[in-house]
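Dear colleague,

Please find below the structure that I am handing over to you.

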Amino acid sequence: MTGTRRDLLLLEFKKLVVSLNMSRAEPGRYTQRLSVSDVGASPEVEPRKVRIISPLLIDVKLETLLTRRARVAVALTGTLPGNQVLSMVPEAVPAWVMVTGPRSVVGGWRRS
């Protein structure tokens, strides 16, 4: 951005927002070159004075969401205090839950 030293210093205390229209994006790598129209600066910043230096590109990875049924397991760690013992094996209630997440995480789970 160009401007007076004072203007540029004041911008350091404000957030610049970059808005991207990703309505046509598909799963996989999505790269978009930034343009001045993508930068939302405060009203006192003249768009003609905005110049993008870095980053020139926004690069994201998009994944399909998967929903899967997963078994809940109880994992015990540590020791019980004193002379206490478990009188029964702990059981999770509910024993199954629905989990939604990116394919790279949820897709690799084994079904029990």
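**Findings**

The chain has an accessible surface of about 9700 Å², and 55% of this belongs to carbon and sulfur atoms; accessible areas come from the Shrake-Rupley method with a 1.4 Å probe, and for residues only the protein chains shown count as cover. This is a predicted model, in which local features need pLDDT of at least 70 and side-chain atom pairs count only at pLDDT 80 or more, while totals for chains, interfaces and linings use all residues. Residues are numbered from 1 along each chain as its sequence is written, and side-chain values use heavy atoms, with hydrogens and water left out.

**Overall architecture**

The chain contains 2 helices and 6 strands, where helices (H or I, at least four residues) and strands (E, at least two) are DSSP runs numbered from the N terminus. Read from the N terminus, the order of the elements is α-β-β-β-β-β-β-α. Of the 112 residues in the chain, 12% are buried; buried means under 20% relative accessible area, exposed means over 50%, and partly exposed lies in between (1.4 Å probe, protein chains only). Among contacts between residues at least 6 apart in sequence, 66% join residues at least 24 apart, a contact being heavy atoms within 4.5 Å.

How many salt bridges does the count come to? The count is 1 salt bridge, defined as a side-chain nitrogen of Lys or Arg within 4 Å of a carboxyl oxygen of Asp or Glu. The side chains of Asp-59 and Arg-29 form this salt bridge, with an N to O distance of 2.6 Å. The pair links distant parts of the chain, since Asp-59 belongs to strand β4 (residues 57-62) and Arg-29 to strand β2 (residues 28-33), 30 residues apart. Asp-59 is classed as partly exposed because its relative accessible area is 41%, whereas Arg-29 is classed as exposed because its value is 66%.

Gly-28 is also placed in strand β2. With a relative accessible area of 25%, Gly-28 is partly exposed. Neighbours within four places in sequence aside, Gly-28 is in contact with Val-60, Lys-61 and Leu-62. The C-alpha atoms of Gly-28 and Thr-64 are separated by 8.8 Å, although these residues are 36 apart along the chain.

Gln-32 is a further residue of strand β2. Is Gln-32 buried or exposed? Gln-32 counts as buried because its relative accessibility is 18%. Its side chain makes a polar contact with the side chain of Tyr-30 at 2.8 Å. A polar contact is a pair of N or O atoms within 3.5 Å; within protein, one must be able to donate a hydrogen and the other to accept it, and residues adjacent in sequence count only if both atoms are side-chain atoms. Not counting residues up to four places away in sequence, Gln-32 touches Leu-20, Asn-21, Asp-38, Leu-56, Leu-57 and Ile-58.

Arg-68 lies in strand β5. The side chain of Arg-68 does reach the backbone oxygen of Gly-107, at 3.3 Å.

Gly-107 is located in the segment after α2 (103-106) and is partly exposed, at 32% relative accessibility. Beyond its neighbours within four places in sequence, Gly-107 is in contact with Leu-66, Arg-68 and Pro-102.

**The loop between β5 and β6**

Val-74 lies in the loop between β5 (65-71) and β6 (96-102) and counts as partly exposed because its relative accessibility is 42%. Together with Leu-76, Leu-80 and Leu-86, Val-74 forms a nonpolar patch on the surface, with about 370 Å² of accessible area in total. Patches are made of residues with over 30% relative accessible area and no salt bridge; like charges are joined within 9 Å, and nonpolar side chains (Val, Leu, Ile, Met, Phe, Trp, Tyr) within 5 Å.

Pro-94 is found in this loop between β5 and β6 as well. A cis peptide bond joins Val-93 and Pro-94, with omega about 5°.

With kind regards
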